[in-house]
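This note is meant for a colleague who is meeting the structure for the first time. Please keep the sequence and the model at hand while reading.

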Amino acid sequence: MSGVAAGMQPEEKALIQRCQKGERDAFDSLFRQYEKRVYNMAFRLCNNYDEAGDVTVDVFLRIFRAIGRFEFKSSFSTWVFRIVTNVYLDRRKRASNRSSLSLEEYIALEETSVTRQLESADPSPAQIAEQNERTDALQHAIAQLPDYQRAMVVLYHTEGLSYEEIAEVLTLPIGTVKSRLNRARLLLRQILQNQQELF
Amino acid sequence: MSCEEMRELFSASLESSLDAALTLKLESHIQMCSACRTELDGLRLVWDKLDVLETVEPPKLLHGEIMERIDAERESVQRPGLLVRLRQMFPSPRALAAAAAFAFVLLAGYSLHYTQQATLGPIHFPVVQSQPNHFTPASITSIKQNALHQHLWEITIKAADSEPGMLSCTIESPSAAVSPSQVNIQLKPGETRHVQFYLAGSGTVANLTVVSRYQNLNGENTSQIGLSQ
Ligand SMILES: [Zn+2]
């Protein structure tokens with residue numbers, strides 16, 4: 001969105017331009033500014049500290065390789081979030097051997113599989129206790145969402161992106177983002193209710 | 001409207017972005033339907049919880065690890081420039097000019113709606129404004145002249161492993177001296193492809209115009225890469 005890019009801080013723009021010339025110091029400062037946000041998003045997506053670290057490193061390598069092609073048409077953070085999302089989804093697709101699927105097929109497939117999972121398997125109390133030890137209930141529930149819904153929930157609720165920005169990050173129509181996010185929130189509530197009786 | 005349709009309105013309702021007519025419909029449904037009422041209350045609770053998720057601290061060593069990988073990557077790309085390597089491969093200026101013309105066709109193929117005119121003579125090489133090569137989505141790994149047919153050239157192109165998706169590239173060359181005049185290729189991450197071109201005449205291509213498109217999943221599509229001295 002050009003509106004967002006137009007609002008970019010001049011300092012940030014200058015820093016990115018120095019990165020585009022390949023200045024190491026500039027990468028060092030730029031990465032320091034984004035590491036915490038990238039790591040947090042990665043952690044919310046992966047639900048695992050080690051994997052979040054791996055994703056974060058991959059993301060910055062990809063930024064390093066691609067920054068020459070950043071054209072200031074979107075805000076830099078939107079661009080970074082797109083890379084985080086891509087790195088994460090690539091890993092998931094590779095892990096589940098679904099790399100040949102289109103986006104729509106992928107979303108459809110993961111939604112049917114999660115529904116089946118929810119219908120068939122209530123976790124045992126021991127499993128729940130174990131989960132509670134690892135992480136809090138909400139984080140665990142987020143981790144059970146299908147990948148795309150999870151990415152949307154994290155972008156919206158923990159990174160504070162607007163629907164427009166998420167649509168841009170995921171290259172999906174805004175109506176799709178809104179309806180999938182609504183579905184994701186309802187699913188989250190269902191997961192929490194099934195597992196924790198919290199609500 | 002069914003319960004399911006009502007539930008599609010829940011998020012918009014909690015954000016107060018529903019229009020008046022739908023708000024009215026939803027409210028009257030909620031009054032009658034306890035299941036949806038419970039669901040909406042539950043959703044409100046989830047939403048509140050989501051908005052106060054705590055942030056986590058990245059490990060202290062993470063920044064160092066990232067910069068280490070960046071340094072390794074920078075080192076691996078600080079090799080001689082393409083033109084230097086081409087000169088080593090093609091000692092004769094004519095052969096180099098021909099090779100450079102093809103390299104130019106291909107390299108320019110990675111920019112979006114990119115139009116460039118290059119005049120190639122026996123010793124004029126196309127100098128295309130270029131970003132550092134390690135940012136490019138693909139690179140030329142070799143340019144070979146066919147041993148039996150001196151007009152046939154093969155260019156090997158490799159997509160970067162880091163590319164998130166397919167690279168689509170259309171190379172159009174209106175110049176009569178180059179055939180085919182248009183090549184479409186798609187590269188997967190890390191994929192290597194060989195593209196053959198036929199260069200007519202003496203190997204001199206004048207006023208070569210290349211219009212090309214390049215696209216990947218990242219959407220940020222424009223990269224200008226090319227030969228530089
Ligand atoms: Zn109802």
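1. Conventions. This is a predicted model, in which local features need pLDDT of at least 70 and side-chain atom pairs count only at pLDDT 80 or more, while totals for chains, interfaces and linings use all residues. Residues are numbered from 1 along each chain as its sequence is written, chains are lettered from A and ligands numbered from 1 in the order in which they are written, and side-chain values use heavy atoms, with hydrogens and water left out.

2. Chain A overall. Chain A contains 11 helices and 0 strands; here helices (H or I, at least four residues) and strands (E, at least two) are DSSP runs, numbered from the N terminus. Of its 199 residues, 59% are buried, where buried means under 20% relative accessible area, exposed over 50%, and partly exposed in between, with a 1.4 Å probe and protein chains only. Among contacts in chain A with a separation of 6 or more, 68% come from residues 24 or more positions apart; a contact means heavy atoms within 4.5 Å.

3. Chain B overall. The secondary structure of chain B consists of 7 helices and 8 strands. Buried residues amount to 45% of the 229 residues in chain B. For contacts in chain B between residues at least 6 apart in sequence, 69% join residues at least 24 apart.

4. The zinc site. Which residues coordinate the zinc ion? The donors are B:C3 (SG), B:H29 (NE2), B:C33 (SG) and B:C36 (SG), at 2.1 to 2.3 Å. Donors are N, O and S atoms within 2.8 Å of the metal (3.2 Å for Na, K and Ca); water is not among the atoms, so sites may look incomplete. The angles among the 4 donor atoms run from 102 to 113 degrees, and the site is tetrahedral. That label applies to four donors if all angles lie between 85 and 135 degrees; four count as square planar and six as octahedral if opposite donors are over 155 degrees apart and all others between 65 and 115, and anything else is irregular.

5. Donor spacing and setting. Along the chain, the donors of the zinc ion follow the spacing C-x25-H-x3-C-x2-C. The pair B:C3 and B:C36 links distant parts of the chain, 33 residues apart: B:C3 belongs to helix α1 (residues 3–7) of chain B and B:C36 to helix α4 (residues 34–51) of chain B. B:C3 is partly exposed, with a relative accessible area of 32%, whereas B:C36 is buried at 0%.

6. Helix α3 of chain B. This helix (residues 20–32) has 13 residues and reaches 19 Å from its first C-alpha to its last, close to the 18 Å expected at 1.5 Å a residue. The expected span is 1.5 Å times one less than the number of residues. Within α3(B), B:L26, B:H29 and B:I30 are buried. Seen down the axis, the buried residues of α3(B) fall within an arc of 100 degrees, so they line one face of the helix; the arc is that of the directions from the helix axis to the C-beta atoms. On the other side of α3(B), the exposed residues are B:A20, B:A21, B:L24, B:Q31 and B:M32. The cover over its buried residues includes α1, α2 (10–14) and α4 of chain B.

7. Helix α4 of chain B. The end C-alpha atoms of α4(B) are 26 Å apart, in agreement with the 26 Å that its 18 residues should span at 1.5 Å a residue. Its buried residues include B:C36, B:E39, B:L40 and B:W47.

8. Glu51 of chain A. A:E51 lies in helix α4 (residues 49–66) of chain A and is buried, with a relative accessible area of 18%. Leaving aside neighbours within four places in sequence, A:E51 is in contact with A:C46, A:R91 and A:R92. A:C46 is itself buried, at 8%.

9. A residue touching the other chain. B:T55 lies in the loop between α4 and α5 (62–77) of chain B and is exposed, with a relative accessible area of 56%. Apart from neighbours within four places in sequence, B:T55 is in contact with A:K36 and A:N40.
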